[in-house]
Amino acid sequence: MIKPGEKRHCFKNMGIARVSIVLVLLCLFLREGRAVTFTFVNRCTGTVWPGIQSNAGSPRLDPTGFALPPGTARAVPAPSGWSGRLWARTGCAQDATGKVVCATGDCGSGSLECNGLNAAPPATLAEFTLDGSGGNDFYDVSLVDGYNLPMLIEPAGGASGAMTCAAAGCAADLNARCPAELRALGGAACRSACDAFGKPEYCCSGAFANPNTCRPTAYSQVFKSACPKSYSYAYDDPTSTFTCAGGRDYTITFCPVATPSLKSSSGPGTTTAPTGPTPTVPGTTTGSQGGVGSGPDGQGVMLGDNSWLASLATGDASSAPSRLALRALPLAPLLLHLLL
């Protein structure tokens with residue numbers, strides 16, 4: 001038989017346990033609410049095949065590679081704390097066995113998915129560390145491994161300073177001004193001096209493996225003069241790494257200004273360009289401009305003047321629905337029940 005004092009003690013413990021459960025659910029919910037959305041936008045004249053590689057210790061994103069036709073966008077979610085790199089493959093095609101081979105940025109997986117593999121140089125890279133030191137995001141566009149396409153990173157919410165939450169990247173067509181000795185694949189890409197010559201002074205290796213001895217070269221300065229908001233060599237941090245307070249979304253645009261004709265040359269034996277299944281989004285509608293609008297979980301949708309993706313592509317997140325508010329709805333009844 002439970003005595004009155006023991007009964008009150010029991011109810012007290014139950015109350016503490018109930019509050020603890022609510023706090024755990026709130027922590028999980030808030031952590032999920034801070035997830036970031038990368039929106040890939042293709043403004044090139046041809047299809048590109050984005051690739052995604054997570055750094056060691058970071059979870060794999062879904063997908064790790066896909067086809068992105070011209071004039072379309074696709075949203076890919078990433079958890080808080082994720083770090084890795086993103087890029088565009090070009091000139092991808094399938095051979096008779098179904099193996100995918102790309103002219104530039106090939107990750108060697110043989111499929112649309114890169115499955116944890118990195119881009120083969122030369123390739124323009126977008127690099128991210130989310131929710132890093134001080135809860136901030138760190139990002140850059142790197143030409144250290146060469147260049148294949150113009151690329152721009154835009155944080156939602158706009159810029160607040162030269163290196164704080166500002167757009168980063170390379171909008172110039174470096175293939176058109178690439179030195180002859182660095183040109184690759186008939187002008188479809190521009191190699192880095194390290195990749196082309198392998199010398200320590202270009203690779204910042206050996207005796208040059210520190211910022212005091214590894215300095216800008218004539219080749220890295222070609223990249224830097226055309227793209228001042230991109231990494232041009234390994235120790236180009238002061239003018240190339242950008243920072244935002246964590247928890248915001250990012251748009252990665254291929255060919256943001258110039259729309260160079262994409263080279264279609266591929267590896268030997270390739271025949272047809274791989275497209276993969278066309279993503280469909282329930283409830284999407286065709287816009288008056290020929291685009292398609294979609295909700296925040298949509299993917300592979302056309303850019304329309306009134307779509308939330310079009311707003312994100314221009315850096316305006318005000319028209320995008322709040323993911324935090326949307327995710328709160330299913331949990332609200334449960335939290336209320338637990339509190340009562």
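**Strands, rings and turns in a predicted model**

Strand 2 (residues 49–54) and strand 4 (residues 83–89) pair in the antiparallel sense, over six bridges. This is a predicted model, in which local features need pLDDT of at least 70 and side-chain atom pairs count only at pLDDT 80 or more, while totals for chains, interfaces and linings use all residues. Residues are numbered from 1 along each chain as its sequence is written, and side-chain values use heavy atoms, with hydrogens and water left out.

Q: What makes strand 2 and strand 4 a pair?
A: Two strands pair if DSSP finds at least two bridges between them. Strand 2 and strand 4 are joined by six bridges, so they meet that definition. Within this pairing, Ile52 stands opposite Leu86 of strand 4.

Q: How do you know what counts as a strand or a helix in the protein chain, and how many are there?
A: Both are DSSP runs numbered from the N terminus: helices are H or I with at least four residues, and strands are E with at least two. On that basis the protein chain has six helices and 18 strands.

Q: Why is strand 2 called largely enclosed?
A: A residue is buried under 20% relative accessible area, exposed over 50%, and partly exposed in between (1.4 Å probe, protein chains only). Five of the six residues of strand 2 are buried, so the rest of the structure largely encloses this strand.

Q: What makes strand 8 (residues 136–142) largely enclosed?
A: Five of the seven residues of strand 8 are buried, so the rest of the structure largely encloses it. Strand 8 pairs with strand 7 (residues 125–129) in the antiparallel sense over five bridges, and there Leu125 stands opposite Ser142. Strand 8 also runs antiparallel to strand 13 (residues 242–245), joined by four bridges; in that pairing, Tyr139 has Phe242 as its bridge partner.

Q: Which residue takes a positive phi in the hairpin of strand 7 and strand 8?
A: Asp131 does, with phi near 50°, in a hairpin that has six residues between the strands.

Q: Why is the pair of Phe197 and Tyr219 called tilted?
A: Rings of Phe, Tyr and Trp (its six-membered ring) pair if their centres lie within 6.5 Å; planes under 30 degrees apart count as stacked, over 60 as edge-to-face and the rest as tilted. The structure holds twelve aromatic pairs. For Phe197 and Tyr219, the centres are 5.5 Å apart and the planes are at 45°, so the pair is tilted. This pair links distant parts of the chain, with Phe197 in helix 2 (residues 193–197) and Tyr219 in helix 4 (residues 218–226), 22 residues apart.

Q: How do you know whether Phe197 and Tyr219 are buried or partly exposed?
A: Phe197 has a relative accessible area of 34%, so it is partly exposed. Tyr219 has 18% relative accessibility, so it counts as buried.

Q: What makes the pair of Tyr202 and Tyr219 edge-to-face?
A: Their rings lie 5.8 Å centre to centre with 75° between the planes, and the pair is edge-to-face. Tyr202 is in helix 3 (residues 200–203) and Tyr219 in helix 4, 17 residues apart, and the pair links distant parts of the chain. Tyr202, at 26% relative accessibility, counts as partly exposed.

Q: Which residues form one aromatic cluster?
A: The members are Phe38, Trp82, Phe128, Tyr139, Phe242 and Tyr250.

Q: How do you know that the charged end of Arg74 sits over the ring of Phe66?
A: A charge sits over a ring if NZ of Lys or CZ of Arg is within 6 Å of the ring centre and within 35 degrees of the ring normal. The charged end of Arg74 is 4.8 Å from the centre of the ring of Phe66, and sits over that ring.

Q: Where is Cys204, and why is it called buried?
A: Cys204 is in the loop between helix 3 and helix 4. Its relative accessibility is 9%, so it counts as buried. Cys204 also has a positive phi of about 55° although it is not a glycine.

Q: What makes Cys255 buried, and where is it?
A: Cys255 has 0% relative accessibility, so it counts as buried. Its place is in the loop between strand 14 (250–254) and strand 15 (270–272), and its phi is near 60°, a positive value in a residue other than glycine.
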